[in-house]
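Subject: Structure for your review

Dear colleague,

Please find below the structure that I am handing over to you. I would be grateful if you could look through it before reading the notes that come after it.

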Amino acid sequence: IELKSGILNIFLRTGIVFTQVDLWLGLSYCDGKWNEVIVSKEGSVISATMNELREQALEPRVQQLEVNSPVYIGGIPPEIQSFYRELGLEQGFGGCMKDVKFTRGAVVNLASVSSSAVRVNLDGCLSTDSAVNCRGNDSILVYRGKEQSVYESALQPFTEYLYRVVALNEGGSVSSAWTHIRTRESVPQNVPTPSRAHSINGYSIEVTWDKPAGVIGVIEKYILKAYEADGPTVPITSAELADTGMLTGILRGLHPFTNYAVTLTACTLAGCTESLHALNISTPQEAPEDVQSPTAISFPTFLLMSWSPPKTPNGIITQYTLYMNGIPIYSGNGTKYVVKDLAVFTPHQFLLTACTLAGCTNSTQVTLFTAQLPPSHVDAPVLTVLDSRTIYVQWKEPVEVNGILDHYIIYMATNEQNFTKWNVIYNSTELFLDFTIPQLFPGTEYLIKLAACTGGGCSISAASMAVTDESTPEGVPAPKAQSYASDSFNISWTKPEYPNGIITSYGLYMDGVLLQNSSQLSCYAYGLAPWSLHSFRVQACTAKGCALGPLVEARTLEAAPEGMVDVFTTVDGSKEVQLKWLAPNKPNGKLTYAVLVTGLFYADQ
């Protein structure tokens, strides 16, 4: 179809048959009004009608017309122009087009169905200039001068304009071809509030709206936004709708039992505008989400149950139901419940159901235990003496543990501390049933008891007794010898540092000779010479043998010397005498001498 030089030309080719219809219009269509053009093929008749004018052609050989290729309006792409050389394909049409309709099907929105298009005005001409604007010779002069560029303002948005340049001189003029250009779109104005909304469920709503009035350009998309009422100014969710022919959309991702304000945003290529007002809607209740499993404070024979509201209640919670081992044990609005008469440290399965008017949701199942107690009874350990320094301890696991065994403790006391102080010698979470106690003292009586512990505490057994084998004593002390007279000693000593058994006797050696052998810790030695030196050593004995202590020496007290002191004199001159003497036969001590002289002494005058 071409409009050229006032003639509407129809070219139709079916197979090898070519038909042409020419309708003479003149300039009757250049009246600034809309003109309706109808092109039809009915059997062998091809007709063209514009307003009151009609022309038709009869071609019996014409075949049935089946359109199975793209329909091009306003031109043909360059890549296929070589197949239609009979068409002039000239530029220069100035006008507008709307309401393109085929016999079969609805009115076509060219903006939404076109796969590729130059942005032409698809909604009608916006210019109200003179009715002869469609004539090339009656265009509006926008510039006269010598410059080679011009800036034109105050144009209509999203409107196609045709321009050509005429170069003039005194000899005549020459014109350029017509070139077309389109102004950009404007941002939509006065976007309406959504007209209706209804909830599909608690998570989505369907929104309906009216097409914005006065939009200059093609609406590229609609955007629905949902804001929480009295909430932040950031939308909770939004939905972009590219099919602008649809005036209904669905908003998803909402929360049940929540008030929302819904707005509509319309977008052109120039930008988007959101409606000034919002449509309020409340989503209905749904079954709760994220129902929390119950928790418990454990006691030996009961559980203090409690639970928190669902993280996402999705409505008003009408009832909680608590199940134990698959059986409901509580129903109501409370968040606490005491489960009584339970066995010590026994597992139970619990599940919580939370309900709204829309439905119920279960939590995940949890296993909770009653609290532990100490074991009911712990048998005394069995002791085996391995040698003089080692005891092997064995025990049995308690029959009634009342929980999970956590560790064993071994306590030990000795007769050296009168069994009043108990020391921990073993504490282990490795649940062995034996332990060897090393580095003990020989011949010593030990009391040993066992503690078995759970998370609820410890129970202690009765004490078992064992005596390590005896050995020879160690650490026999040195005796203390004190002389109170010149002929005797009082000798005393203490027990060995490590008796290593029962001391059967003490032996006292004086000068290498056994002076006394008894259980006494002292001895009296007499009949000794004054100031005489003697050595002493103590021997301690058990059934396994004897051991000697260190050697010490001591002297008796001094006594008066016995015997005569023989003196010898020698005259060495008129003024000197030399004296010599012999010691007494029995000094009886450490002697010192005094020389007494009587008579006249020489003195210088």
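Predicted model: local features only at pLDDT ≥ 70, side-chain atom pairs only at ≥ 80, totals over all residues.

Domains

The protein is divided into five parts: domain 1 (1-110 + 117-123), domain 2 (148-284), domain 3 (295-369), domain 4 (382-468) and domain 5 (480-555). Taken over C-alpha atoms, the centres of domain 2 and domain 3 are separated by 53 Å.

Three strands make up an open sheet in the order 11-12-15, and their pairing is antiparallel. Strand 11 (196-201) and strand 15 (248-251) are at the edges; each has a single partner strand, so one side of each is left without a neighbour in the sheet. On average, neighbouring strands of this sheet are turned by 25° against each other, direction ignored. Strand 12 (residues 204-208) and strand 15 run antiparallel and are joined by 4 bridges. Within this pairing, Glu206 has Ile250 in strand 15 as its bridge partner.

In general, strands of a sheet pair through backbone hydrogen bonds, in either a parallel or an antiparallel way.

The hairpin of strands 24 and 25

A hairpin is formed by strand 24 and strand 25, with 2 residues between them. Strand 24 covers residues 347-356 and strand 25 covers residues 359-362; the two run antiparallel, with 4 bridges joining them. Opposite Thr353 stands Asn362 of strand 25.

With kind regards

How values were computed:
Residues numbered from 1 in each chain as written. Heavy atoms only, no water. Pairing = 2+ DSSP bridges. Axes fitted to C-alpha atoms, helices over the stretch in contact; angles between N-to-C directions. Domains from an automatic or database assignment.
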